[in-house]
Amino acid sequence: MESYLFPFDSLICMLLGISFTVWFTLLLVFIIVPAIFGVSFGIRRLYMKSLIKLFEWATLRMERGAKEKNQHLYKPYSNGETLKRSLRGGAEPEFDMSDIFYFCRRGVESIVDDEVTKRFTAEELESWNLLTRSNYNFHHISTRLTALWGVGVLIRYGFLLPLRVTLAFTGVGLLVVLTSVVGLFPNGRMKNYLSDKVHLMCYRICVRSLTAIITYHDSENKPKNGGICVANHTSPIDVIILASDGCYAMVGQVHGGLMGVIQRAMVKACPHIWFERSEVKDRHLVAKRLSDHVADTSKLPILIFPEGTCINNTSVMMFKKGSFEIGSTVYPVAIKYDPRFGEAFWNSSKFGMVNYLLHMMSSWAIVCSVWYLPPMSRMEGEDAVQFANRVKAAIARKGGLADLLWDGGLKRGKVKEVFKEEQQKLYSKVLVGSTWTLSGCSAALNWPLPEPAQTEL
Amino acid sequence: MGSRASSLLREEDIEEIKKQTGFSHSQITRLYSRFHSLDKGENGALSREDFQRIPELAINPLGDRIINAFFPEGEDQVNFRGFMRTLAHFRPVEDNEKNKDPTSGEPLNSRTNKLFFAFQLYDLDRDDKISRDELLQVLRMMVGVNISDEQLGSIADRTIQEADTNGDMCISFSEFTKVMPGKAIDITADLQNGA
């Protein structure tokens, strides 16, 4: 029996051996070496352009299918609609039973669509991008499209996914090993130089492991030492995207497991700021460590995400004021993902980290734009909250995102009672006649909020 | 290869809801998506907590009353049909509807039904009368702590006096309809987009 298998055995072994060698050589030449030197062959951009053409064709076919059946193609709510508000203007300031309609309408309108809860789930696409996970209500999917989808699945799971996973392991492995090696050097310019190079190289490999196609704008505004870089937060990938173009000191909680290993290795090469779980609650301690870091201009700029949680990249939510109290220059950065190629938002209540990474690596690509905004500092007479809001508005404007005053913490927690009390106060003013209309409280979400006690960084 | 949100919503259901509520096909599918996204427990029905999770609704002084309007007497869950029935009150009246034959029954978004919806917001114990107490309670919800008991009491008394015609110190539905201004009932929420 065995004699039959022997010749095939060695043949198979040989074939496997050859294919692995070819595989790794290609990998090395086309991906890892360019990553080390920071150059690009342009393969990813070509890939992106072909995908766009593909999606446009798919949309046309679906629209044609819809027209044949005489129906409209499903389109989600678009961001730019305005809700009608009714004003009671001109009426006498006293109670009228029809006042209830005002609250009624606003209530029902918020049930039909509200500005906040939709920020915590992935944005709906205008048209389908051939991924099952983003198929909400798209009908009229012809056989040709289904075939295309099938081919897509093969390519993504059969070819791209293994490639990306290999790269990811390589990138992370190299990061841990090389930063530990650099850590052995004595402190000085050589060490800093090597640490920068090592970090950049490993992050670039990670970027390629996600097939991330990033366009950096206004690089002359890149954060400098002694400053704080703030950006809007969509997913943990944000860190990799920013850190592959510049060197930052990271801030975060100490984790166990693999993350912990990576954290400990990174801190050997250059100073990052990792907090123990218990220290996070102590605001003064946190602020002190950040200020100390910033005061030392030999240390890298700090990277912070003031929203405190992942938002779905259609809006920017309230910035926590902690990082804006420190008094150093703030370098705002806006990150906008193109959801057609892959949904970058991490819905942590639905998916765990591993699931999320698998989604990332089996999407078409991650395409995003990064804008470096000019540095901002706190002005005279401006307090931390106003400064934070000013920075937030700038980031929202640049990235084309909605600027919301709501707290990202609403993802998990309840809204504070004080906002309801504010609404009641405004209505009472109308009743007793100090204001004529209810337009004060209907000014969408941009009313001046009472100062909520912000307890976290 | 079906789609996620509407895989639980069959064509027959959509047609039935269309007949009952007057919403268009695309409006129904969109609202079903919305229903689905609010339904965190994924059991095909919404609870009061699901509504409370909408921040803009939670800060609405009459938020609880509005939420209550979705739930039938004594129930804690509302399914999609019930959800749509309640929302149908707020569907804008289209021109072609005014010419519909009167035998098809009153549409949910007729003026009378809209007024009844508002009436029920005041009528806390659902006994078809708004008593002074109920009016006071609702007023208190709307103004919070910013107006004194006496002032609120006099507002309530004045309102009942103006509306009450049969002298029972309560406001019935017909008395309520007479007091409502004709034009100012514009509670048609903006549900039309891209449909």
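**Entry 1: a salt bridge.** I began with one pair of side chains, Arg126(B) and Glu73(B), which meet in a salt bridge at 3.6 Å, N to O. I noted at once that the model is predicted. Next I looked up how many salt bridges the rule finds across the interface of domain 1 of chain B and domain 2 of chain B, and the count is one. For polar contacts between these two domains, I found three residue pairs.

**Entry 2: who sits on the domain 1 side.** I then asked which helix gives the most to the side of domain 1 of chain B that touches domain 2 of chain B. Helix α5 of chain B, residues 63-70, does, with four residues. I sorted the residues of that side into seven nonpolar, three polar and three charged.

**Entry 3: the two domains.** I checked the bounds: the domain assignment gives 13-91 for domain 1 of chain B and 110-185 for domain 2 of chain B. Their contact takes 13 residues from domain 1 and eleven residues from domain 2. I put their C-alpha centres 25 Å apart.

**Entry 4: buried area.** I looked up the area buried between domain 1 and domain 2 of chain B and got about 1,100 Å², with carbon and sulfur atoms giving 63%. On the domain 1 side, Leu62(B), Arg65(B) and His89(B) lose the most area, together 53% of what that side buries.

**Entry 5: the record.** I turned to UniProt, where an unreviewed entry places "domain: EF-hand" at residues 26-61, 110-145 and 151-186 of chain B. I found residues 26-61 of chain B to be 61% helix and 6% strand, with end C-alpha atoms 32 Å apart. Residues 110-145 of chain B are 67% helix and 6% strand, and the end C-alpha atoms lie 35 Å apart.

Methods. Residues are numbered from 1 along each chain as its sequence is written. Chains are lettered from A and ligands numbered from 1 in the order in which they are written. This is a predicted model: local features need pLDDT of at least 70, side-chain atom pairs count only at pLDDT 80 or more; totals for chains, interfaces and linings use all residues. Side-chain values use heavy atoms; hydrogens and water are left out. UniProt positions are given in the numbering used here, feature names are shortened, and annotations may be inferred rather than shown by experiment. Helices (H or I, at least four residues) and strands (E, at least two) are DSSP runs, numbered from the N terminus. Domain bounds come from an automatic or database domain assignment. Contact means heavy atoms within 4.5 Å. Buried area is the accessible area (1.4 Å probe) that two parts lose on being put together, summed over both. A salt bridge is a side-chain nitrogen of Lys or Arg within 4 Å of a carboxyl oxygen of Asp or Glu. A polar contact is a pair of N or O atoms within 3.5 Å; within protein, one must be able to donate a hydrogen and the other to accept it, and residues adjacent in sequence count only if both atoms are side-chain atoms. Ala, Val, Leu, Ile, Met, Phe, Trp, Tyr, Cys and Pro count as nonpolar, Asp, Glu, Lys and Arg as charged, and the others, Gly among them, as polar.
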